[in-house]
Amino acid sequence: MSDFWRRFSRNRGAVVGLVILLLVFAIAIFADVLFPGSPWDMATAPFAPPGEDGMLLGSDSLGRNVAAGIAHGARISLMVGAVSTVAALSIGVTLGAIAGYLGGWMDDAVMRFTEFFQTIPSFIFAILLVAIFTPTIHSVVFAIAVVSWPPVARVVRAEFLSLRSREFVQAAEVLGKSRLAIVVTDILPNAMSPIVVLSSLMVASAILLESALSFLGLGDPNLMTWGFLIGSGRSVIRIAWWMSVFPGLAIFVTVLALNLVGEGLSDALNPRLARRRGTAA
């Protein structure tokens, strides 16, 4: 573990990203303390600019505190990103492991199934799914998970194909271990590095996708999210630019932090790749 943190800390961008991400998590956790009450409540006059009437980031068209909306919306955006990523990983890892370990016709069947999902534009597919199941937090998480699992399946399949012929797997088979035990206890732990890196990037993609859906009015109307804040301010951006700019900056900074952390995880978990990048630079 100490070697991991040493390699991770060498990437300054990853450390900065981790600090930013921890700050975002802290704001989300302590949103009720920082901004007591509901973010839907009117706090001051409409369209109050930043700094006026005690509004740190201004107010929206209904007099609601934009800063409170961003803080409370961080909970929903991060939760959607995390839960949808876990769901997508569950699907992708399972199918990728089946395809990579069993091979043959099972591999072909799983890959054709995966390619079918990849032929459909992910954002359009997500819009279709949310529209069919009505916009709720559950349908948004389901839609993001459904469109996010194919890359995971491909990565896991590639790892399993390279690992299933290794000596430790053959030794486990000779010892009579079941296929499920070999997959779970022998191969999967050795394939976790790319999965961990990919999951951090998937959370960022999920946050962007949820924000885009909310911006289009396909988010949960009962929940405050960053995409909803941007969408509510798009029609008045000329007279109240802060309504869209500050939530947009929150999305940008969070996604950037997640990508920086993902790059740091890649360097820490794959030191050879990191050295090759450093040599090329």
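The model is predicted, so local features need pLDDT of at least 70 and side-chain atom pairs count only at pLDDT 80 or more, while totals for chains, interfaces and linings use all residues. Residues are numbered from 1 along each chain as its sequence is written, and side-chain values use heavy atoms, with hydrogens and water left out.

Let's start with burial. Buried means under 20% relative accessible area, exposed means over 50%, and partly exposed is in between (1.4 Å probe, protein chains only). Helices here are DSSP runs (H or I, at least four residues), numbered from the N terminus.

| Residue | Relative accessible area | Class |
|---|---|---|
| N11 | 14% | buried |
| M243 | 2% | buried |
| S162 | 34% | partly exposed |

N11 sits in the loop that links α1 (2-10) with α2 (12-29). Which backbone nitrogen does the side chain of N11 reach at 3.1 Å? One is that of G13; the backbone nitrogen of A14 also lies 3.1 Å from a polar atom of the N11 side chain. Beyond residues up to four places away in sequence, N11 touches E263, G264 and D267, where contact means heavy atoms within 4.5 Å.

M243 belongs to helix α12 (residues 242-269). Setting aside neighbours within four places in sequence, M243 has contacts that include F47, S59, D60, S61 and L229.

S162 is part of helix α7 (residues 137-163). Its C-alpha is 8.4 Å from that of G100, a residue 62 places away in sequence.

**The nonpolar cores**

In soluble globular proteins, nonpolar side chains tend to be buried together. A nonpolar core is a set of buried Ala, Val, Leu, Ile, Met, Phe, Trp, Tyr and Cys residues joined through side-chain atoms within 4.5 Å.

Which members of the largest nonpolar core touch the most other members? They are V80, Y101, V152, V156, F160 and I187, out of 42 residues. Elements giving two or more residues to this core include α4 (66-102), α5 (104-118) and α10 (192-215). Helix α7 provides the largest share, 13 residues. Not counting residues up to four places away in sequence, I187 touches Y101, F160, L163, R164, V169 and I182. Apart from this core lies another, of 33 residues, with L78, V236, W242 and V255 among them.

Conventions:
Polar contact = N/O pair within 3.5 Å; in protein donor to acceptor, adjacent residues only side chain to side chain.
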